[in-house]
Amino acid sequence: MKKRLFATLAATVLAASALAQQAAPAPVPGWAVGRPAGSTLAPHAPKLTATPLADVPVGAIRVPPGFKVEVYAHGMPGARMMAEGPKGTVFAGSRAIGRVYAITRNADGSTRTRVVAQGLPQPNGLVMIGDSLYVLAVNRVLRYDNIEANLDNVPTPVDLTAAFALPTEAEHGGNHHWKFASLGPDGRIYTNVGVNCNVCDFDRDKFALLVSFNPDGSGRRVEARGVRNSVGMAHHPVTRELWATNNGRDWAGNEWPHDTLHRVRASGEDHGFPYCTGNTPDPQFNKGRSCGDFVAPAALLGPHVAALGMRFYTGSMFPAEYRNQLIMARRGSWNRERLTGFDLVVAHLDAQGNVARLEEFMTGLRDDANQRFLDRPVDVHVMRDGSLLVAGEQMGAIYRITYAR
Amino acid sequence: MKRAALAAALLWAAAFSPAAQARDPARGAAIAAQRCAACHGADGRSIAAEIPMLAGQQREFVTLQLILFREGIRPVPAMQAAADKLSDEDVEALAAHYAGLPARAAERAPRDAALAARGQAVSAARNCGVCHLPDYAGRAQVPRLTRQHEAFLARTLAEYRDGRRVGIDTQMNGAVQGLADADIAALAHHLAHRD
């Protein structure tokens with residue numbers, strides 16, 4: 001019986017490979033490397049039409065006692081990473097819909113939303129330097145000078161693409177080419193260059209990096225290598241060390257690998273991808289490397305949670321225990337049979353700057369009973385009044401969290 | 001009684017919530033008659049084999065593609081003009097309209113068994129059924145592939161392969177990378193003859 005089953009299996013495999021040869025199948029696409037046969041897991045559909053206020057699920061959101069959540073702005077499909085201008089305009093980038101939004105506050109406290117750029121390829125990386133908004137869209141780097149004075153008549157941006165010379169969509173093979181951007185305390189622009197596949201052999205001087213540049217695109221410096229795809233980073237307000245979230249590979253099971261939090265103590269450190277993730281060896285790409293040779297992550301953030309935008313809380317509205325602690329958005333999983341993430345987490349640091357504990361700070365958007373989600377938090381931003389903005393990409397809304405004793 | 005009244009009230013609220021209004025197929029039908037029917041057919045079934053059938057297409061797929069046309073991300077000149085002034089509510093209503101129309105097979109040449117078999121092998125090798133599902137009905141942002149013009153399917157596959165078609169992500173570009181023209185023709189034939 002067993003033998004017959006084996007023979008049938010072998011025949012099936014042979015037939016399948018014969019068919020495959022006949023059909024000349026090519027290389028598996030980068031994103032699907034390692035995908036088990038028969039899996040029907042696929043990324044969740046985005047929503048790129050405006051969601052009316054009545055349908056924004058603010059009532060489902062849970063925060064600790066004393067905190068309150070409201071809708072700050074809505075009707076911005078696909079809104080993602082945020083940056084704030086000196087006059088208080090909040091800018092939000094996006095991915096597929098190609099837009100950059102500007103949100104201003106009216107005298108009565110309500111908000112007004114404008115589209116200030118459109119038709120861009122994945123304009124996810126925003127950074128404000130003085131009066132200039134920098135938009136990083138894959139390899140394009142565009143600088144919009146004096147933008148807050150010209151929201152209704154946005155001037156043609158200065159094109160810095162050639163100076164930054166980031167890898168193109170084609171070089172990325174369409175994989176992990178969108179950017180996160182952050183202004184360092186040294187005045188440099190920090191960003192990511194994601195890996196050009198799910199997991200593969202790749203040029204480790206070109207992909208899976210954290211890099212920094214002078215604002216004019218000169219002086220490229222590798223801050224960390226072996227970081228698969230970071231879509232969130234910030235400098236610690238006291239130690240000035242660079243911290244970054246990182247997305248682990250797909251198709252390696254429900255529980256491995258975790259997404260990771262990285263602390264960069266010195267420029268150029270190696271954090272191990274693809275050989276090791278979360279200080280454990282990759283099942284296919286370890287190549288005999290000892291994970292002890294690489295910088296261990298500062299924290300494991302949960303399997304497939306998609307930890308993205310992060311900031312240190314530098315405001316004074318929240319209780320003292322949140323001061324200088326790290327708040328991050330977990331966009332939520334697709335490559336896992338049961339959903340994880342769809343929340344905000346605070347990493348509380350001890351006196352040595354090590355992660356002492358992770359607190360699930362904002363929850364309620366993941367519906368475990370029905371295995372569905374209500375929104376996908378992707379970025380956080382600390383306002384000058386100490387309130388915290390949270391970008392909800394799926395519903396195109398920005399929430400505001402406040403605290404009152 | 002109370003429960004029935006509550007249920008009725010909830011139903012009423014659901015029917016008149018902004019989202020429900022936006023997804024009103026009757027409103028979509030009115031827009032379609034003016035803007036879309038000349039090319040895509042009065043019943044969502046286009047005559048020209050280069051123009052896609054929309055009847056029975058996935059609602060979220062139609063929504064997302066219309067947004068990509070309007071925003072100039074998916075560059076098809078004829079569609080960019082057609083989608084230019086559509087509001088998000090118009091787009092959702094149109095998608096609800098086309099998703100609700102019955103899909104029927106296109107006019108098609110006789111099935112070539114050998115070509116269809118080769119196409120089926122290509123589909124198996126490239127895992128088309130994983131995202132589009134084994135019956136190719138599609139789901140959410142992943143389109144239905146059956147009851148579609150063979151010529152349109154072939155052209156679309158070639159555009160993805162050659163990097164000329166932009167989707168909401170690059171999954172299709174990866175999925176058809178490196179396919180020979182003959183494989184594309186076979187795959188299109190296989191899909192067009194699956195009901």
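Which domains does the domain assignment give for chain B? There are two, domain 1 (2-100) and domain 2 (113-192), with bounds that come from an automatic or database domain assignment. The legends below start with confidence, then visit close-up views of both chains.

This is a predicted model, in which local features need pLDDT of at least 70 and side-chain atom pairs count only at pLDDT 80 or more, while totals for chains, interfaces and linings use all residues. Residues are numbered from 1 along each chain as its sequence is written, chains are lettered from A and ligands numbered from 1 in the order in which they are written, and side-chain values use heavy atoms, with hydrogens and water left out.

**View 1. Confidence along the two chains.** The model scores ipTM 0.85 and pTM 0.89. pLDDT is the predictor's confidence in each residue, from 0 to 100. Chain A has a mean pLDDT of 91, with 91% of its residues at 70 or more; for chain B the mean is 88, and 89% of residues reach 70 or more. Please read the starts of both chains with care. Residues 1-26 of chain A stay under 50 in pLDDT, and the model has 11 contacts beyond four places in sequence for them; here contact means heavy atoms within 4.5 Å. In chain B, pLDDT stays under 50 over residues 1-16, for which there are four contacts beyond four places in sequence.

**View 2. Domain 1 meets domain 2 in chain B.** On each side of this interface, 18 residues are in contact with the other domain. About 1,600 Å² is buried between the two domains, and carbon and sulfur atoms give 53% of that area. Buried area is the accessible area (1.4 Å probe) that two parts lose on being put together, summed over both. The rule finds 12 residue pairs in polar contact across the interface, both residues being at pLDDT 80 or more. A polar contact is a pair of N or O atoms within 3.5 Å; within protein, one must be able to donate a hydrogen and the other to accept it, and residues adjacent in sequence count only if both atoms are side-chain atoms. The side of domain 1 that touches domain 2 has 10 nonpolar, five polar and three charged residues. In this classing, Ala, Val, Leu, Ile, Met, Phe, Trp, Tyr, Cys and Pro are nonpolar, Asp, Glu, Lys and Arg are charged, and the others, Gly among them, are polar.

**View 3. A salt bridge between the domains of chain B.** The count between domain 1 and domain 2 is one salt bridge, that is, a side-chain nitrogen of Lys or Arg within 4 Å of a carboxyl oxygen of Asp or Glu. B:Glu50 forms a salt bridge with B:Arg155, and their closest N and O atoms are 2.7 Å apart.

**View 4. Chain B against chain A.** Here 31 residues of chain B are in contact with 33 residues of chain A. The two chains bury about 2,600 Å² between them, 57% of it from carbon and sulfur atoms. Two salt bridges are counted between the chains. B:Glu71 also forms a salt bridge with A:Arg99, with the closest N and O atoms 2.7 Å apart. Helix 5 of chain B gives the most to the side that touches chain A, with six residues. Helices (H or I, at least four residues) and strands (E, at least two) are DSSP runs, numbered from the N terminus.

**View 5. A salt bridge within chain A.** A:Arg140 forms a salt bridge with A:Glu169, the closest N and O atoms being 3.0 Å apart. A:Arg140 lies in strand 8 (residues 140-144) and A:Glu169 in helix 3 (residues 169-172) of chain A, so the pair ties together parts that are 29 residues apart in sequence.

**View 6. Backbone features in loops of chain A.** Most residues other than glycine have a negative phi, and most peptide bonds are trans. The peptide bond from A:Trp256 to A:Pro257 is cis, with omega near -10°, and A:Pro257 sits in the loop between strand 15 (242-246) and strand 16 (258-264). A cis peptide bond also joins A:Phe273 and A:Pro274, with omega about 5°. A:Ala165, although not a glycine, has a positive phi of about 50°.
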